[in-house]
Amino acid sequence: MVELKTDTSIDAMYEAGQVVGRALTAVRDAADVGVSLLELDEVAHDVLREAGAGSPFLGYRPSFAPTPFPAVICASVNDAIVHGIPTAYRLRDGDLVSIDCGAELGGWAGDSAISFVVGRARPADVRLVETAERALAAGIGAAVVGNRVGDIAHAIGTVCRAAGYGIPEGFGGHGIGRRMHEDPPVPNEGRPGRGLRLRHGMALAIEPMLIGGGTDGYHEAPDGWTLRTNDGSRAAHAEHTVAITDAGPRILTAR
Ligand code: MG
Ligand code: MG
């Protein structure tokens, strides 16, 4: 079931989203060659604590997961696409990092992700990250009243495929509200004009995931969480929580 939020609830979701945005900005500022993923998790955790916010990631255990998630961010490096567990790994020059973070504040959830390169960036990685952001912007642009979920999926998929990148099927965006994951699913590829019609008061997490090598295959790492590209190429992920309103899409996790 898709829950419609009141304008007051969307304002409250914006407050949760702002905490996520601050956490991601702090992580990005702290990320550098030699900094560990666990240290980045601590940076995000500090922002959540200062805001009095909880983490929907910490202790999260969906049906596929062998263990509760142990951190407040996902940190996915290079060939990791999403759901990377922060470890003692220290970032190296040229690493492509995707950070996903959530927050719960006042009973509402926010969810957002960024990708960036630490140190000297390869041109191919810059292009991959920029395309992820363009795909996200295209998806948000299609998140308007009267459109359908398939229009968002189509907008994202078109940008990714035109640039020659792969898309991991089976993972994508979702409704969000009191819980981080709600209906409807928002795939990263689809047919325009299909699926649920978008209405004022819907809140969606829109999140393109791109595989740089151009193939779609991925697999789960031995930790049971991290998704990695099958072709060993690098991946990028970008996400915002967005409210669909009569005045247009409102980015609740804007930074
Ligand atoms: Mg996320
Ligand atoms: Mg999400």
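1. Helices (H or I, at least four residues) and strands (E, at least two) are DSSP runs, numbered from the N terminus. With these assignments, the span of residues 12-246 is 29% helix and 25% strand, and its end C-alpha atoms lie 18 Å apart. UniProt lists residues 12-246 under "domain: Peptidase M24", in an unreviewed entry; UniProt positions are given in the numbering used here, feature names are shortened, and annotations may be inferred rather than shown by experiment.

2. This is a predicted model, in which local features need pLDDT of at least 70 and side-chain atom pairs count only at pLDDT 80 or more, while totals for chains, interfaces and linings use all residues. Residues are numbered from 1 along each chain as its sequence is written, chains are lettered from A and ligands numbered from 1 in the order in which they are written, and side-chain values use heavy atoms, with hydrogens and water left out.

3. Donors here are N, O and S atoms within 2.8 Å of the metal (3.2 Å for Na, K and Ca); water is not among the atoms, so sites may look incomplete.

4. Aspartate 100 counts as buried at 9% relative accessibility, and glutamate 239 counts as buried at 0%. Buried means under 20% relative accessible area, exposed over 50%, and partly exposed in between (1.4 Å probe, protein chains only).

5. Magnesium ion (ligand 2). The protein donors are Asp111 (OD), His174 (NE2), Glu207 (OE) and Glu239 (OE), lying 2.1 Å from the ion. Their spacing is D-x62-H-x32-E-x31-E. Histidine 174 belongs to strand E5 (residues 173-175) and glutamate 207 to the loop between E7 and E8, so the pair ties together parts that are 33 residues apart in sequence. Histidine 174 is buried at 6% relative accessibility, and glutamate 207 is buried with a relative accessible area of 6%.

6. Relation of the two ions. Ligand 2 and ligand 1 are 3.2 Å apart, and aspartate 111 coordinates both.

7. Helix H2 (residues 37-51). Its 15 residues should span 21 Å at 1.5 Å a residue, and the end C-alpha atoms are 22 Å apart, which agrees. The expected span is 1.5 Å times one less than the number of residues. Leu37, Leu40, Asp41, Ala44, His45, Val47 and Leu48 are buried in H2. They cover an arc of only 155° around the axis (taken from the directions from the helix axis to the C-beta atoms), which puts them on the same side of H2. The cover over the buried residues of H2 includes helix H1 (7-30), strand E1 (73-77) and strand E3 (96-105), contact meaning heavy atoms within 4.5 Å. Glycine 52 follows H2 with a positive phi, near 70°.

8. Helix H4 (residues 149-162). The 14 residues reach 20 Å from first C-alpha to last, close to the 20 Å expected. Of these 14 residues, 10 are buried, so H4 is largely enclosed by the rest of the structure. Among the buried residues are Ile152, Ile156, Val159 and Cys160. Their cover includes helix H3 (123-141), strand E6 (182-186), strand E7 (203-206) and strand E8 (209-211). After H4 comes glycine 164, whose phi is positive, near 90°.
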